[in-house]
Amino acid sequence: MKALKVFAGCCLFTLFSSALLAADDASCQKIRIGAVGWTDVVATTAVASELLGGLGYQTTQTQASQQIIFAGIQKQQIDVFLGYWKPIMDDNIQPFLDSGAVRVAAEPSLDDAIAVLAVPSYTAEAGLKTFADIARFKEQLDGKIYGIEPDNDGNLLIDKMIKGNQFDLGGFRMVESSEAGMLVQVQRAVKKKEPVVFLGWAPHPMNTQFDITYLAGGDDVFGPDYGAAKVYTVVPPDYEARCANVGKLLNNLQFSVEIESQLMEKVLAKEDPVEVARTWLKANPQYLDQWLAGVTTYDGQDGVAAVKKHVGL
């Protein structure tokens, strides 16, 4: 009986010690990530998922529109969204910010992004260099401006311009499809040296795949400096307090246009985003010390060592 008590005491001590070592509460181990279908968000979400997996967390993804993701965070069905493009998504997130339903990270994960209408450079050389020039090329453009998926903020801005006859675009039609569908149309136009106006942004491999020019004069629509943007992470209001270790990692994640473009090129080539992220992390371990500074595994162990082992270093 005495031996049984000693054994039970040891087990209880072990369990208690494990609970003390855990970096986050048990409710934080399963992380539900929302992701829009943009290639940059797919890529950065895959990197975050690989890092979290190496740290002993379990991640699942919900692919949805940004509006559904913000609502999911509000309803406590989604924990993390790494793709809030500011200012292009401001209108969609504002009601959730006003009600206190979501929290935006203090620092951006990417601070040198842009999103604005673009044309192939040969079209710019022909005279279509600004938003005000688009209407003069209506016939050559077949009255079309190409966007991506329906309800995307960029599409909404284009639609608003057309409906308001801003820049004399009232007679134009926006063509909605998807990121991939839009790029197919651009590729076809480039092969024929035909003019085309489309929603462009960086980071994105389109900037190296095509010689493109971003249009000037759209500050009132897409924001100043050619739609200069920052990308932020969004979580529930209390998430960083409840899940401090995960919150530390999310705040540490700082990408660049170069990093994201490298990742996105592989994703656009139809490679598995998880494998792309794992291969990139293995080839670029210098970022792990920065991203995992002050971060442990779920059970309180060395985070950098665990992730290196996870990716095969």
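Contact is taken throughout to mean heavy atoms within 4.5 Å, and helices (H or I, at least four residues) and strands (E, at least two) are DSSP runs numbered from the N terminus. The structure is a predicted model, in which local features need pLDDT of at least 70 and side-chain atom pairs count only at pLDDT 80 or more, whereas totals for chains, interfaces and linings use all residues. Residues are numbered from 1 along each chain as its sequence is written, and side-chain values use heavy atoms, with hydrogens and water left out.

The protein contains 16 helices and ten strands, and its C-alpha atoms fill a box of roughly 95 × 40 × 25 Å along the principal axes. Of the 313 residues, 49% are buried, where buried denotes under 20% relative accessible area, exposed over 50%, and partly exposed the range in between (1.4 Å probe, protein chains only). Among contacts with a separation of 6 or more, 80% are accounted for by residues 24 or more positions apart.

Strand S1 (30-35) pairs with strand S2 (residues 58-63) in the parallel sense over six bridges, pairing being assigned if DSSP finds at least two bridges between two strands. Between S1 and S2 the chain passes through helix H2 (residues 39-54), and this β-α-β crossover is right-handed, a term that applies if, with the strands pointing away from the viewer, the path from the first strand over the helix to the second runs clockwise. Within the pair, isoleucine 33 stands opposite glutamine 61 of S2. Alanine 35, also in strand S1, counts as buried because its relative accessibility is 0%; leaving out residues up to four places away in sequence, alanine 35 touches Val41, Thr45, Gln61, Thr62, Gln63, Ala64, Ile69 and Phe81.

Helix H2 packs with helix H14 (residues 273-283) at an angle of about 65°, their axes lying 8 Å apart; axes are lines fitted to C-alpha atoms, for helices over the stretch in contact, and angles run from 0 to 180 degrees between N-to-C directions. H2 and H14 are therefore roughly perpendicular to each other, given that angles under 35 degrees count as roughly parallel, over 145 as roughly antiparallel, 65 to 115 as roughly perpendicular and the rest as oblique. Glutamate 50 counts as buried because its relative accessibility is 6%, and, neighbours within four places in sequence aside, glutamate 50 is in contact with Val274, Ala277, Arg278, Leu281, His310 and Val311.

In helix H3 (residues 66-74), the buried residues are Gln66, Ile69, Phe70, Ala71, Gly72 and Ile73. These buried residues of H3 pack against elements including strand S1, strand S3 (80-86) and helix H4 (90-98). After H3 comes glutamine 76, whose phi is positive, near 60°.

Most residues other than glycine have a negative phi, and most peptide bonds are trans. Aspartate 168, which is not a glycine, has a positive phi of about 60° and lies in the loop between H6 and strand S7 (173-175); at 56% relative accessibility, aspartate 168 counts as exposed. Phi of lysine 193 is likewise positive, near 60°, and lysine 193, in the loop between helix H7 (179-192) and S8, is exposed with a relative accessible area of 58%. Cis peptide bonds join lysine 86 to proline 87, with omega about 15°, and alanine 202 to proline 203, with omega about 15°.
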